[in-house]
Amino acid sequence: MSDPKDRAPFIDIPGDLPGIRGLFAFKPETGAALSEFAQTLLRGTSPLTPGERETIAAYVSSRNETYFCTQSHAATAAVLVDGGRDVIDAVIEDVESAAIEPKLRALLRIADKVRRSGLEVTAEDVEDARAAGAKDEDIHDAVLVAAAFCMFNRYVDGLATVAPRERATYEQIGGMLATAGYVAAGVPPESAPGAGQSDQ
């Protein structure tokens with residue numbers, strides 16, 4: 001994963017807020033809409049649990065080498081899944097050997113293909129997911145989370161946002177996202193955990 005610590009933000013981030021929180025503060029009208037979208041995407045009605053959706057978000061972010069999103073969503077997923085951070089780290093390290101359900105493994109394979117190009121997903125990939133127990137809505141939601149996080153990752157990295165290095169900062173963010181969700185996390189951004197914490 002590329003190291004973002006030497007990159008200064010390309011725009012004037014209010015209060016040196018980390019990651020996407022800084023972008024929400026920079027342009028609150030889009031920040032509010034994106035917070036609501038993330039809430040629906042990751043906490044709305046779905047056959048996939050919030051922990052499974054957060055795992056997909058963390059995995060896609062790791063494959064896109066987006067440090068802030070990887071660490072934030074890995075920490076959030078760790079609160080929501082059995083096995084905690086050990087399981088999430090194992091998924092990020094090697095999805096094939098991680099101790100996860102076959103359905104989630106198949107959906108993560110699809111998510112990684114979506115990350116590269118939606119055109120890489122094949123009918124065989126979908127059939128493999130179905131054979132592992134996935135229904136149409138599972139597949140839909142996994143693809144949507146993967147596609148959305150490509151946007152979020154590129155938004156965060158494309159503007160060189162602040163990426164704190166302290167694991168405790170991400171554990172605080174993850175705890176808040178797991179319990180309060182995304183609308184509370186995004187508005188007001190000035191209250192976000194880790195505000196101003198950076199080694200830049």
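I looked up α3 and helix α6 (residues 102–116): their axes come within 10 Å and cross at roughly 40°. Axes here are lines fitted to C-alpha atoms, for helices over the stretch in contact, with angles from 0 to 180 degrees between N-to-C directions. Helices are DSSP runs (H or I, at least four residues) numbered from the N terminus. The angle makes α3 oblique to α6, since oblique is what remains after under 35 degrees (roughly parallel), over 145 (roughly antiparallel) and 65 to 115 (roughly perpendicular). From α3, I listed Glu52, Thr55, Ile56, Tyr59, Val60 and Arg63 in the contact, and from α6, Leu104, Leu108, Ala111, Asp112, Arg115 and Arg116; contact means heavy atoms within 4.5 Å.

This is a predicted model, where local features need pLDDT of at least 70, side-chain atom pairs count only at pLDDT 80 or more, and totals for chains, interfaces and linings use all residues. Residues are numbered from 1 along each chain as its sequence is written, and side-chain values use heavy atoms, leaving out hydrogens and water.

Next I checked α3 against helix α8 (residues 136–158), which pack at about 45° with axes 9 Å apart. That makes α3 oblique to α8 as well. The α3 side of the contact is Arg53, Ile56, Ala57, Val60 and Ser61, and α8 brings Ala142, Val145, Ala146, Phe149, Cys150 and Asn153.

How values were computed. Helix = DSSP H or I, 4+ residues; strand = E, 2+ residues; numbered from the N terminus.
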